Amino acid sequence: SEIQPEYQKIVETCLSITDVSDESIEKMTKAVRQFNKSISNMGVAFITKHTRYWLCKNLGKNSLPIYDSVMAGCVMRKSVPDITHLSEYWKVMRAKAKLENIGMMPLERHIFKYAFSDRR
């Protein structure tokens with residue numbers, strides 16, 4: 001009962017997003033921060049797993065990616081995912097996906113596979 005109203009807010013925000021513009025990224029970042037502030041012990045990785053799922057409804061393969069410890073290390077060169085870097089992370093991923101001419105979800109998958117490959 002404590003989580004449901006806050007979860008509903010974040011779902012509604014996700015379903016209102018139709019692109020990956022700076023404005024949309026900031027709107028999602030604000031929603032994630034609010035959820036994180038309202039609900040204890042969830043963490044940015046857990047929250048962004050849920051936001052990616054709900055963002056898929058409108059954005060498909062260009063959904064904003066999960067920000068977990070693998071992505072924090074490989075993309076942001078941080079030891080842990082920190083909510084203060086979320087907006088920057090999503091913008092970096094958006095730019096790289098555009099450069100590579102792929103969606104952000106396939107890019108996330110490539111980075112994740114690289115992180116666990118023998119090349120590291």
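Trainee: Which way do H2 and H5 cross, left-handed or right-handed?

Mentor: The crossing of H2 and H5 is right-handed. Bear in mind that this is a predicted model.

Trainee: What's the angle, and how far apart are the axes?

Mentor: The two helices pack at about 145°, and their axes are 9 Å apart. H2 covers residues 22-38, while H5 covers residues 86-100.

Trainee: Which residues make that contact?

Mentor: From H2 there are Asp22, Ile25, Glu26, Met28, Thr29 and Val32. H5 brings Leu86, Ser87, Trp90, Lys91 and Arg94.

Trainee: How do they divide into nonpolar, polar and charged?

Mentor: In the contact of H2 with H5, 5 residues are nonpolar, 2 are polar and 4 are charged.

Trainee: New topic: Thr13. Where does it lie?

Mentor: Thr13 lies in helix H1, which spans residues 3-16.

Trainee: Is Thr13 buried or exposed?

Mentor: Thr13 counts as buried, because its relative accessibility is 16% and the cut-off for buried is under 20%.

Trainee: What is Thr13 in contact with, leaving aside its neighbours in sequence?

Mentor: Once neighbours within four places in sequence are set aside, Thr13 is in contact with Lys27, Met28 and Ala31.

Trainee: Now H4. Which of its residues are buried?

Mentor: H4 runs over residues 69-76, and Val70, Met71, Ala72, Cys74 and Met76 are buried there.

Trainee: And what do those pack against?

Mentor: The buried residues of H4 pack against H5 and against helix H6, residues 104-115.

Trainee: What happens at the start of H4?

Mentor: A side-chain oxygen of Asp68 comes to within 3.2 Å of the backbone nitrogen of Val70.

Trainee: And what follows H4?

Mentor: Arg77 follows H4, and its phi is positive, near 55°.

Trainee: Zooming out, how many helices and strands are there?

Mentor: The protein chain has 6 helices and 0 strands. From the N terminus on, the order of elements is α-α-α-α-α-α.

Trainee: Why is the chain called as compact as a globular protein of that length?

Mentor: Its radius of gyration is 14 Å, and the globule rule gives 14 Å for 120 residues, so the chain is as compact as a globular protein of that length. Along the principal axes, the C-alpha atoms fill a box of roughly 45 × 30 × 20 Å.

Trainee: How much of the chain counts as buried?

Mentor: Of the 120 residues, 40% count as buried.

Trainee: And what about contacts between residues at least 6 apart in sequence?

Mentor: Among those contacts, 58% join residues at least 24 apart.

Terms used: Residues are numbered from 1 along each chain as its sequence is written. This is a predicted model: local features need pLDDT of at least 70, side-chain atom pairs count only at pLDDT 80 or more; totals for chains, interfaces and linings use all residues. Side-chain values use heavy atoms; hydrogens and water are left out. Helices (H or I, at least four residues) and strands (E, at least two) are DSSP runs, numbered from the N terminus. Buried means under 20% relative accessible area, exposed over 50%, partly exposed in between (1.4 Å probe, protein chains only). Contact means heavy atoms within 4.5 Å. Axes are lines fitted to C-alpha atoms, for helices over the stretch in contact, and angles run from 0 to 180 degrees between N-to-C directions. A crossing is left-handed if the near helix is turned anticlockwise from the far one by less than a right angle, and right-handed if clockwise. Ala, Val, Leu, Ile, Met, Phe, Trp, Tyr, Cys and Pro count as nonpolar, Asp, Glu, Lys and Arg as charged, and the others, Gly among them, as polar. A polar contact is a pair of N or O atoms within 3.5 Å; within protein, one must be able to donate a hydrogen and the other to accept it, and residues adjacent in sequence count only if both atoms are side-chain atoms. The radius of gyration is taken over C-alpha atoms; the globule rule is 2.2 Å times the number of residues to the power 0.38.
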